[in-house]
Amino acid sequence: VGYNIFRTPYSSDYTQLEYDFLDVIEKVQGVYMILTTDRYTTSYSRAYDSYSAIYLNKYSAFGWGDMYKERSYILFQKELAKKYADSRDCSVFDEYKTKMNVAEIISSEDNCRYMVELCGLTNKYSKGKVCLLQIN
């Protein structure tokens, strides 16, 4: 117990980014996924996926429990995410929609503008640095 008192970090306070992600997730109407090339130290998609399922009854294509998914499904998800991260390939959105039943994408910062202007997604809602986009 003594070790934990000195070694376990305290919970950090939410930043505006976390509040914006939570606000945007409340607007989700279908199966969604979080896809961004931005990296944040305080926010990560799996935490939001869990929160949205537990508290909002909303579901992400990625989810939290990899142990309950087929290995091929996990590899396919990772392949598409990497394909977008490496080259910002817009073709991934057609695959997300047709093969994974994803209707909406949550993203952030420059990715929002890129996905709307170059990939043809529709901006449904934005809050701060975070956006909710519809796959057309």
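Me: Rings of Phe, Tyr and Trp count as a pair if their centres lie within 6.5 Å. In this predicted model, which residues do ring pairs link into a cluster?

Reply: The cluster consists of Tyr84, Phe93, Tyr96 and Tyr114, linked through ring pairs. The total under this rule is six aromatic pairs.

Me: Why is the pair of Tyr84 and Tyr114 called edge-to-face?

Reply: The ring centres of Tyr84 and Tyr114 are 6.4 Å apart and their planes stand at 65 degrees; since edge-to-face requires planes over 60 degrees apart, the pair is edge-to-face. Tyr84 belongs to helix α4 (residues 71-87) and Tyr114 to helix α6, so the pair ties together parts that are 30 residues apart in sequence.

Me: What makes the pair of Phe93 and Tyr96 tilted?

Reply: Here the distance is 6.5 Å centre to centre, with 50 degrees between the planes; because stacked rings need an angle under 30 degrees and edge-to-face rings one over 60, the pair of Phe93 and Tyr96 is classed as tilted. Both residues lie in helix α5 (residues 92-100), three residues apart, which is about one turn of the helix.

Me: How do you know whether Tyr84, Phe93 and Tyr96 count as buried or exposed?

Reply: The relative accessibility is 0% for Tyr84, 2% for Phe93 and 0% for Tyr96. Buried means under 20%, so Tyr84, Phe93 and Tyr96 count as buried.

Me: What makes Arg88 count as lying over the face of Tyr114?

Reply: Arg88 lies at 4.7 Å from the ring centre of Tyr114, and the rule asks for a distance within 6 Å together with a position within 35 degrees of the ring normal. Lys27 likewise lies over the face of Tyr125, at 5.1 Å from the ring centre.

Me: Why do Glu104 and Lys124 meet in a salt bridge?

Reply: Side chains of opposite charge can pair when their charged atoms come close. For Glu104 and Lys124 the N to O distance is 2.3 Å, and because the cut-off is 4 Å, the pair qualifies as a salt bridge. This pair links distant parts of the chain, with Glu104 in strand β2 and Lys124 in strand β3 (residues 122-127), 20 residues apart. Glu104 is buried, at 1% relative accessible area, whereas Lys124, at 33%, counts as partly exposed.

Me: What links Lys83, Asp89, Glu95 and Lys99?

Reply: These four residues, Lys83, Asp89, Glu95 and Lys99, are linked in a network of salt bridges. One of the bridges joins Asp89 to Lys83, whose closest N and O atoms are 3.8 Å apart.

Technical notes: Residues numbered from 1 in each chain as written. Predicted model: local features only at pLDDT ≥ 70, side-chain atom pairs only at ≥ 80, totals over all residues. Heavy atoms only, no water. Salt bridge = Lys/Arg side-chain N within 4 Å of Asp/Glu carboxyl O. Helix = DSSP H or I, 4+ residues; strand = E, 2+ residues; numbered from the N terminus. Buried < 20%, exposed > 50% of the residue type's maximum accessible area, 1.4 Å probe, protein only.
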